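Colleague: I'm new to reading structures like this one, so please take me through it slowly.

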Amino acid sequence: MGSVSHKHTNTTPLKRGSSIDHLEYVDVTPIIGREYPTASLKEMLQAPNAEEQLRDLAITICERGVAFFRRPQDDLSVDEQKYITDMLGKLTGRPEENGLHVHPLYNDPNNLPMADGTTDKHIYVINSEAAKRLYATMKKPTTGSEPKDLSREWHSDSLFENCPADFSFLRMQSTPPSGGDTLWCSGYELYDRLSPPFQKFFETLTATCAQPVFESACESGGYDVMSPRGSPLNVDYQFRPSHPVVRTHPVTGWKSLFAGVGLHVSRINEVTTYEDSMIRDYVLRLITRNHDCVARMHWTRGACAIWSNECTLHAATPDTHLVEGIRTGVRASGTGGVPYLDPKSKGRREALGMPLF
Ligand SMILES: [Fe+2]
C-alpha cells in the first residue's frame, strides 16, 4: 500500500460549528438521536456554505449517533444521497483513499434495481420482497421450535470489512403504515455503563468479525464478489478482520463499545469459548435491558436516517410481512478507517463532564 496511511487525518476531536443551528430539531432521547422535522437536505446542498453545513451535520451525527429527517426528501436524487454520504466522511477526516462502500453481493441476480430500473454499485436497495429471495440461500436450517429472538438483529454496518462503514444514509421510499421500525443503540453509552474494571478489561479485547455467508452466496449463485469495496483494504474474500471491542470514535474522540456483539461478530479472540459467549451475552443484555440507550425510528414515506456506525449498533424489526404493502428504500454507506482504540481517549460522559452512570 506504499505510503498510504489508512488512518483518519484528525489529530484532535472535531468541534461543531454553528452553521446548522437554524434547523428545527428535537433530541429523540437524552442519550441518542436527533430528529429534524422540517429540514431539507436538498436545501442544505444548495446553500452557499453547503460544505460547512455538511461538516456540522456529520459532527452532530457522530455526537448524537443518528439523525432522522422526517420531512419527505423526495427532491433529493440518488446521486445527491451518495454525495452527502461521501462528503460526511470526507469532511471529517476519513482516510483519503476511501470512498463509498460497495456491497459484496452487488452481482447477485436477485438484487432488485432502484425504482427507475437502474442499479448502482454504491446503492444497496432495501426491498422486503427481494430480501426474502436473496437470503434464502444463507438461511440456517431451523427446527421451528426456537423462540423468536430479535436480539440477533443488532449490528454495525460492514463490520466484516477491514475498513467498516463510517456513515450510512437510508432513505425509505415506500413503507407500510405500520411495522419495519429501525432501532439504534448508543455504543458510547454501552461503554459508559460498564464498571471501571470491566471497561479496562473490555479495552484489552478484540473480536473476529468473520462473515462467511458472502463466499457461500457467491459460490451458490455462480457470480464474483465485488472487490475492492470502498477501500484498498476491503478486497476479495477477506471478510475476517479483527476489530477492537472498545474503539475510539475518530471524530468525537469518545470511547464506544464496538465489536462486542452482533450479527457480524464471530469470536472474542483473547478468551475461552465459554468466556466468549458470556461476554457477548452480557453485551446483548446491556442493550436489551437498557432501552434508554435506544432511539427508535418509525419510518414514514420519504423519511431518512443518517447514522454513524462508529458509535452505534442498529437493528431492523422484521414485522412488515404482517401488514399490507412493500417496503423499499435505498442506502449508501461510506467506508471509514481501520478501527482503533486510543488509550488516552475518554468515554462520552467523562468528556462532557456528565455524571458517570
Ligand atoms: Fe445495517
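Colleague: Let's start with Thr175: buried or exposed, and why?

Modeller: Thr175 counts as buried because its relative accessible area is 18%, where buried means under 20%, exposed means over 50% and partly exposed is in between, using a 1.4 Å probe and protein chains only. Please keep in mind that this is a predicted model, in which local features need pLDDT of at least 70 and side-chain atom pairs count only at pLDDT 80 or more, while totals for chains, interfaces and linings use all residues. Residues are numbered from 1 along each chain as its sequence is written, and side-chain values use heavy atoms, with hydrogens and water left out.

Colleague: Where does Thr175 sit, and which residues does it touch?

Modeller: Thr175 is in the loop between strands S5 and S6; helices (H or I, at least four residues) and strands (E, at least two) are DSSP runs, numbered from the N terminus. Setting aside residues up to four places away in sequence, Thr175 touches Trp299, Thr300, Arg301, Ile326 and Arg327, with contact meaning heavy atoms within 4.5 Å.

Colleague: And Val323, where is that, and what is it in contact with?

Modeller: Val323 belongs to the loop between S14 and S15, and apart from neighbours within four places in sequence it is in contact with Pro176 and Ser178. Val323 is classed as partly exposed because its relative accessible area is 27%. Its C-alpha atom is separated by 40 Å from that of Ala50, which is 273 residues apart from it along the chain.

Colleague: Ala50 takes me to helix H2, so how many of its residues are buried?

Modeller: Helix H2 is mostly covered, with 12 of its 15 residues buried, among them Ala50, Leu54, Leu57 and Ile61. The helix runs over residues 50–64 and reaches 21 Å from its first C-alpha to its last, close to the 21 Å expected at 1.5 Å a residue, where the expected span is 1.5 Å times one less than the number of residues. After H2 comes Gly65, whose phi is positive, near 90°.

Colleague: Which residues other than glycine have a positive phi?

Modeller: Ser158 has a positive phi near 60°, and Asp236 has one of about 50°. Ser158, in the loop between H4 and S5, counts as buried because its relative accessible area is 4%. Asp236 lies in the loop between H7 and S8, and it counts as partly exposed because its relative accessibility is 45%. The loop between H7 and S8 also holds Pro228, and the peptide bond from Ser227 to Pro228 is cis, with omega near -5°.

Colleague: Changing topic, what are the protein donors of the iron ion?

Modeller: They are His155 (NE2), Asp157 (OD) and His314 (NE2), lying 2.2 Å from the iron ion. Donors are N, O and S atoms within 2.8 Å of the metal (3.2 Å for Na, K and Ca), and water is not among the atoms, so sites may look incomplete.

Colleague: Last one: where is Leu190, and what does it touch?

Modeller: Leu190 is in helix H5, and leaving out residues up to four places away in sequence it touches Cys185, Leu257, Leu286, Ile287 and Leu313. Leu190 and Leu257 are 67 residues apart in sequence, but their C-alpha atoms are 6.1 Å apart in space. Leu190 counts as buried because its relative accessibility is 1%.
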